[in-house]
Amino acid sequence: MKDSIIRALKFIGLGFLEPLIRLINKEEPTKNTKEVFRKIIAPVASVFIFVGLWQLGSTALYNIEAEYKIEATLKSQGEAEAQKIKECMESGDPGCQPNTLPSPSQVYASYLTLLEDHRTIAADKKAFKEKTFEMNKKRVKQGKSVITYTGRPSFVDQIKTSLKTVFAGFLLALFIAVPIGVVIGLSSTLRGSISWIIQIFKPVSPVVWLLLVFMIVKTLTKNSEGDSAFIISFISVGLCSMWATLVNTAMGVSSVNTDYINVAKVLRLRPLQKIFKVILPASLPLIFTGLRITLSVAWMVLIAIELLAQSPGLGSFVWEEFQNGAMDSNSKIIVAMFVIGMIGFALDRIMLFIQNLISFEKETI
Amino acid sequence: MAILELKNVFKTYNPAKEYKGEILDNINLTIEEGEFVAIVGFSGSGKTTLVNLVNGLLKPTEGEVIFKGKPVEDTSHERGVIFQNYSLLPWLTVYQNIDMAIQEAFPKASKQEKDVRVKEYIEMVGLTHATNKRPKELSGGMRQRVSVARALCMDPEMIIMDEPLGALDALTRGNLQDEILKIWERNKRTALLITNDVDEAMYMADRIIPLKPGPNATLGPEFRVNIERPRDKTALNDNEEYKKTRLKIIEYLMDLGDAQAAESTATYELPELQPKDFRWDAN
Ligand SMILES: Nc1ncnc2c1ncn2[C@@H]1O[C@H](COP(=O)(O)OP(=O)(O)OP(=O)(O)O)[C@@H](O)[C@H]1O
Ligand SMILES: [Mg+2]
């Protein structure tokens with residue numbers, strides 16, 4: 001029972017809970033108490049310290065900004081106005097807060113606001129759907145286009161859009177980079193001859209990729225009504241992030257253990273058999289390492305690309321909030337930052353999980 | 001009739017700059033059909049290199065390797081190989097590892113025939129209970145059995161074994177020796193066994209040839225083992241012929257070892273190693 005729980009936890013990447021479970025089962029108390037401290041208490045404490053430092057920092061910044069604002073009002077509009085502003089700030093009215101790094105509690109409040117906002121919008125959407133259901137049915141019959149909800153997307157909708165874009169980009173990278181990587185991994189001539197392309201394009205910034213894709217897609221989609229912002233951003237994400245997979249696949253394929261190659265030769269495997277039964281499985285660990293990097297790069301550049309391409313998603317959310325410039329917006333940006341970080345972390349864990357599932361060697365950590 | 005002939009074979013891995021016989025120096029060897037030949041040699045003398053020349057993975061720098069009258073150009077299903085380090089594919093199960101060989105060796109057989117054959121060979125090496133296990137779940141001895149089954153299921157005319165039992169304990173070793181002998185006797189194939197164990201060679205082979213230590217390793221004089229088959233391991237120790245031959249071989253090998261030790265203290269050369277560049281654009 002206990003062992004299977006531990007195994008399950010390890011499998012889903014929560015192996016750090018192991019000593020706690022052992023401690024509850026009264027196994028080696030001294031050793032496991034130490035382990036609990038090292039693996040659970042200390043990390044949790046570090047979270048508190050982090051939040052505490054953040055609180056201190058934001059208070060300090062708040063004071064500087066507030067003083068400056070009062071001072072400035074005093075100079076330009078006189079005593080009475082300055083007093084008014086001061087009172088307004090102390091009352092906590094968001095309208096007159098100084099614009100600076102928000103404190104943890106403000107960020108948490110914004111998080112709740114965003115959730116509330118999502119609930120309202122979701123309810124709105126549902127009501128809209130119900131209302132237009134019958135009408136849309138009729139319109140479909142008459143051959144007219146259906147009426148869709150065009151209201152403002154909620155924060156959660158933005159997350160979903162971003163995830164959709166990143167997966168589309170990731171799949172694009174996968175389908176381009178793995179086959180090409182295999183081909184150039186197999187042939188050292190090819191590898192040598194197109195190495196320059198990789199060397200040159202790998203370090204190109206996401207912004208430039210976006211512009212390039214924009215030039216091409218804009219022309220190609222001139223006459224269609226497709227969602228070109230989405231197309232542009234996912235293609236750019238794919239192109240930016242595929243290089244790690246390409247290079248790792250090529251390296252994996254070209255450096256397969258000679259023992260395996262010798263087996264393939266001695267058994268006289270046909271070329272396709274050799275690729276699918278020996279070379280690909282042998283290079284799978286490296287291909288997966290590449291895919292993991294690709295996914296994390298994709299997620300990282302996504303925000304910048306959405307921001308520039310003005311396609312909906314977390315990137316444009318951050319940008320719009322930044323341009324709003326209110327105190328509340330700053331905390332929303334920080335919420336987005338945490339969400340982005342946690343989703344990135346979760347994506348990496350998922351890749352690691354899949355990698356461990358298919359790996360034939362020792363567990364990777 | 002000679003099934004395998006090596007004529008004046010020289011081998012170096014670095015033909016550009018070293019002497020052509022850097023690893024193997026003028027090897028001459030003839031193996032008759034149905035014969036069991038053992039080559040004993042020190043570690044690093046070039047035994048695996050010799051095996052790879054015979055099975056077609058390597059080409060001699062100079063000289064000829066002739067199998068059934070034709071020069072060896074490439075690997076072939078006629079020569080089954082048991083690798084020194086098993087070389088099972090870790091992502092395939094026991095069944096799949098053997099099936100892969102059978103698919104290639106008998107492309108025309110029906111699905112069912114192939115399946116029967118895979119199972120037959122798994123049973124022959126006593127691994128039926130582990131049919132669906134992967135190599136990492138097997139013990140060293142079991143892995144070696146899979147490797148034996150994989151080589152034999154293709155029904156090769158010659159079995160080439162590169163220290164097949166080197167990593168096993170004495171007990172498992174004895175069992176597998178008997179199994180290999182049984183298979184060899186059943187179809188009267190030709191066998192080339194590489195080993196570093198004189199007793200193993202004495203028990204299994206008709207003829208034992210020492211490979212002198214490298215560099216420039218060459219074959220020493222052959223020793224015939226004229227003992228009736230099937231041989232009985234316990235009775236062997238009292239057999240006069242066995243004792244005499246064994247002593248001769250061991251004395252010969254010890255002399256070689258002493259000579260090499262004297263030489264290696266005189267000229268202590270460091271091997272020329274180059275770091276391998278794994279960056280992707282390196283060729
Ligand atoms: N691919 C290679 N490239 C260059 N040198 C090699 C290569 N393979 C083997 N050698 C060298 O050839 C020599 C003989 O190696 P080989 O593997 O044939 O020895 P061995 O007798 O099989 O040793 P062991 O008993 O340890 O298996 C060694 O000095 C080794 O360094
Ligand atoms: Mg060897």
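I looked up C153(B) first: in this predicted model, C153(B) is buried because its relative accessibility is 0%. Buried means under 20% relative accessible area, exposed over 50% and partly exposed in between, with a 1.4 Å probe and protein chains only. I then checked C240(A), which counts as buried at 11% relative accessibility.

I noted the conventions: residues are numbered from 1 along each chain as its sequence is written, and chains are lettered from A and ligands numbered from 1 in the order in which they are written. Local features need pLDDT of at least 70, side-chain atom pairs count only at pLDDT 80 or more, totals for chains, interfaces and linings use all residues, and side-chain values use heavy atoms, without hydrogens and water.

Which residues surround ligand 1? I listed them with a heavy atom within 4 Å as the limit; among them are Y13(B), I23(B), F42(B), K47(B), Q84(B) and E163(B).

I looked at individual distances next. An oxygen atom of ligand 1 is 2.6 Å from an N or O atom in the side chain of T48(B). For polar backbone atoms, I read 2.9 Å from a ligand oxygen to G44(B) and 3.2 Å to S45(B). Taken alone, ligand 1 exposes 630 Å², and the protein buries 55% of that; the areas come from the Shrake-Rupley method with a 1.4 Å probe.

Chain B averages a pLDDT (the predictor's confidence in each residue, from 0 to 100) of 87, and 93% of the residues score at least 70. The model scores ipTM 0.86 and pTM 0.80.

Methods. A polar contact is a pair of N or O atoms within 3.5 Å; within protein, one must be able to donate a hydrogen and the other to accept it, and residues adjacent in sequence count only if both atoms are side-chain atoms.
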